Amino acid sequence: MTDIVQEEQKITRDDPREVSRRWLLLKIGAFFNIVIGIAIATPVVRYLLGPARRQGAYDSWISLGPIDQFPIGETRLATYSNPYSHPWDGATDQTACWVRHVSANAFQVFAINCAHLGCPVRWFPQSGLFMCPCHGGVYYADGGRASGPPERGLFTYDYKVVNNELHIDAGQMPTLSNQASLRILNNSGCKGCGPCAG
Amino acid sequence: MRWVKQTYDWFDRRLQLEEPIKKEVLHPVPKDTASWWYVFGSAAFTLLMLQIVTGILLALVYVPSAGEAWNSLNVLNHQLPLGWFLRAMHGWGSNFMVAVVLIHMGQVFLFGSYKYPRELTWILGVFLLLMTLGMAFTGQVLRFDQDSYWGLGIGASIVGRVPLIGGSLVQIMLGGPIIAGATLTRFFALHVFIIPGILLLFACLHVWMVLKLGINEWPMPGRIVRRATYVAEYEKLTHRDGIPFFPGAFWKDFFFSGAVIAAVAVCAAVFGPYGPSGVPNPSIIQTVPKPDFFFLWIYAVLSYLPPSLETPFILIAPILAIVLLLALPLFAGEGEKSWRRRPIAVLVLVTVAVLWGVFTNLGTYTPWSPKMNAWSSDTIPAQDLQNLRPVERQGAVVFQSKQCRNCHSIGGHGGQRGPALDSVATRLTEDQLIRQVVQGGGNMPAYGKNLSPPEVTALVQFLDTLHPPGQPSATDAAEAAAGITPSNYESVGSTSPEPGTSTTKKPDGK
């Protein structure tokens, strides 16, 4: 009995007509499915990559309010609604930043995120330092690195003063990938206030 | 009761499940494996079932929206009857699951279970561990509070360090430019559909292989695993010295799983649910974010890495570790199984466990972080202020108001980022103190710009009073030898043997 079954299988396997037709159909079927699969998967990949946009695509100029609320010589917390947001974001689109009014029209606007791993830094006016609660990063008043694990100073936003209002170019969470190049701090005035000036 | 038997037969004639199940549960296993050491795998599987059930129950109420998630968690905690208990069961179930999976892994490593022919069982197990940790992290994200928000920030900052494509990866991870609604929904999909789906599939395959390849026999020194002979030897062992898995070994699994679930329930009832902590509003910056227990060790490691090593370490070390774990059964698939003959394996396990314990312990009290409110909440001990001259008392005020306390402790209170200053005067001379304060160094910021000269003088004179009774302040030996008086101020010891009298500091080192 077993011998007969084995013999039949052998015949089926070896029979060139039977095998070639079925196998050909199967191969065509597989090819057909691969084509359809790729055709369907391509838009899925595009969909998944949707959030990735080129540098600055999410950024836009946004007002932090009249410059009077930032007294000269002081560093104050400012908040703004992120320009790119959805109605279901709740309070998460509320973003904070530190505004340092250096002189007349010269500002420094620092991201709230520590340059180490993004925790919110706090300003201590008495000692003139920013301190991070997570891993102990410390920065000087001009954003320069003072101590701890960060490898650079605080991230800064570009700013401009329009109609007596302070505007910054913001829109995405700063990380080393989008702010890695150390910009010259204090792009208007305050020569020598580099990140290392402590 | 004949109708029960008839109904059963009616179903089994169609399902045909009795025979294969009976065959599996009654298969012989080596007698020694009916041990309390072999109960962790089944306990991990039981915990997975618990997590699935409690997770589904929580999903009946939870709203995966950045605007509403936090509120829905509070409704669960405070308004729905026993909603808090289910959250607590799910949270503690997660802790127990990570713990049991880690113990299970340590046990099978120690018992050499990953060797031939169980290599793939181990490799799947490594993925199961990674997915369990992935579930713990994404679960922490779904508890959408301040810790969750800033934890995502840390995750994004790590991903942002990937060369070239880091920026795009951050945007894909967050679902946009910032941590917001899109971030929560994609982590919801990961936590509820993607990871559990793969986890369940892999866990079933893992169990399938345990059934098919047999439970690893109790390792005996000298019983060497060889590819050519192992399977036959194992067969012989199970038939000569085997017992049916059910109930011979199963009853211990059964008991332990029950005990673990009971422990989860007791922890849930006693300690309650995790959070949610503060509302996830990133403009509220008065927060000290901290990861959940099983990620504290990473948190600690990240604070101790030198800045220059950090990016390579973060990006390379995890990949190396995972590759090493996956490759382990491929390069050590034969040989001794007994821990008595594998000293390096034992040493590795002990080292990893000790390192993990040390870093986790450090993570619980974060000595590297400035204590953000120490300057305004911790007072200087009264005895350190007695019999001080006005300028020294002024120095104590400078010490507090300039947030020195956030990093330096006195009397056991304050930050631990910098050294405790209770006896700083015995370590640094006056000149060294001035230099350290003004120029900083060794992880201390320079205060030269933020202290006026009188403030520096006052601060240093106060610091120079901080020494134990009977131990003099440090002086410059060279100046002392030359007979030069380095300063002409008087040091009135808080620790002076005769309170109220002032002693002039002599440059003789006494």
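This is a predicted model: local features need pLDDT of at least 70, side-chain atom pairs count only at pLDDT 80 or more; totals for chains, interfaces and linings use all residues.
Chain A has 3 helices and 11 strands. The contact takes 53 residues from chain A and 55 residues from chain B. The largest nonpolar core has 104 residues.

**Chain A overall**

- Chain A has 198 residues, and 39% of them count as buried.
- Take the contacts in chain A between residues at least 6 apart in sequence: 51% of these join residues at least 24 apart.

**The contact between the chains**

- Chain A brings 53 residues to the contact, and chain B brings 55 residues.
- On the side of chain A that touches chain B, six elements each supply at least two residues: β3 (94-103), β5 (122-124), β6 (129-131), β7 (138-140), β8 (145-147) and α3 (176-179).
- By class, this side of chain A has 24 nonpolar, 24 polar and 5 charged residues.

**The four-stranded sheet of chain A**

- An open sheet of 4 strands in chain A has the order β5-β6-β7-β8, with antiparallel pairing.
- Its edge strands are β5 and β8 of chain A, and each of them pairs on one side only.
- On average, neighbouring strands of this sheet are turned by 35° against each other, direction ignored.
- β5(A) and β6(A) run antiparallel and are joined by 3 bridges.
- One bridge can be named by residue: A:Trp123 has A:Phe130 in β6(A) as its partner.

**Strand β4 of chain A and its partners**

- Strand β4 (residues 106-111) of chain A is mostly covered, with 5 of its 6 residues buried.
- β3(A) and β4(A) run antiparallel, joined by 6 bridges.
- The two strands β3(A) and β4(A) form a hairpin, with 2 residues between them.
- Across this pair, A:Arg100 has A:Gln108 in β4(A) as its bridge partner.
- β4(A) is also joined to strand β9 (residues 156-157) of chain A, by 2 bridges and in the antiparallel sense.
- There, A:Val109 has A:Tyr157 in β9(A) as its bridge partner.

- Strand β10 (residues 159-162) and strand β11 (residues 165-170) of chain A pair in the antiparallel sense, over 4 bridges.
- A:Val162 has A:Glu165 in β11(A) as its bridge partner.
- The hairpin of β10(A) and β11(A) has 2 residues between the strands, and A:Asn163 takes a positive phi near 50°.

**Nonpolar cores**

- In soluble globular proteins, nonpolar side chains tend to be buried together.
- Here the largest nonpolar core counts 104 residues, and B:Ala44, B:Leu47 and B:Val100 have the most contacts inside it.
- Helix α5 (residues 83-110) of chain B gives the most to this core, with 12 residues.
- Leaving out residues up to four places away in sequence, B:Leu47 touches B:Gly93, B:Phe96, B:Met97, B:Val100 and B:Val260.
- Another core, of 19 residues, lies apart from the largest one.
- Its members include B:Phe399, B:Cys404, B:Val424 and B:Phe462.

Conventions: Residues are numbered from 1 along each chain as its sequence is written. Chains are lettered from A and ligands numbered from 1 in the order in which they are written. Two residues are in contact if their C-beta atoms, placed from the backbone, lie within 7 Å. Ala, Val, Leu, Ile, Met, Phe, Trp, Tyr, Cys and Pro count as nonpolar, Asp, Glu, Lys and Arg as charged, and the others, Gly among them, as polar. Two strands pair if DSSP finds at least two bridges between them. Axes are lines fitted to C-alpha atoms, for helices over the stretch in contact, and angles run from 0 to 180 degrees between N-to-C directions. A nonpolar core is a set of buried Ala, Val, Leu, Ile, Met, Phe, Trp, Tyr and Cys residues joined through C-beta atoms within 7 Å. A residue is buried if 20 or more other C-beta atoms lie within 10 Å of its own, exposed if 12 or fewer, and partly exposed in between; C-beta atoms are placed from the backbone.
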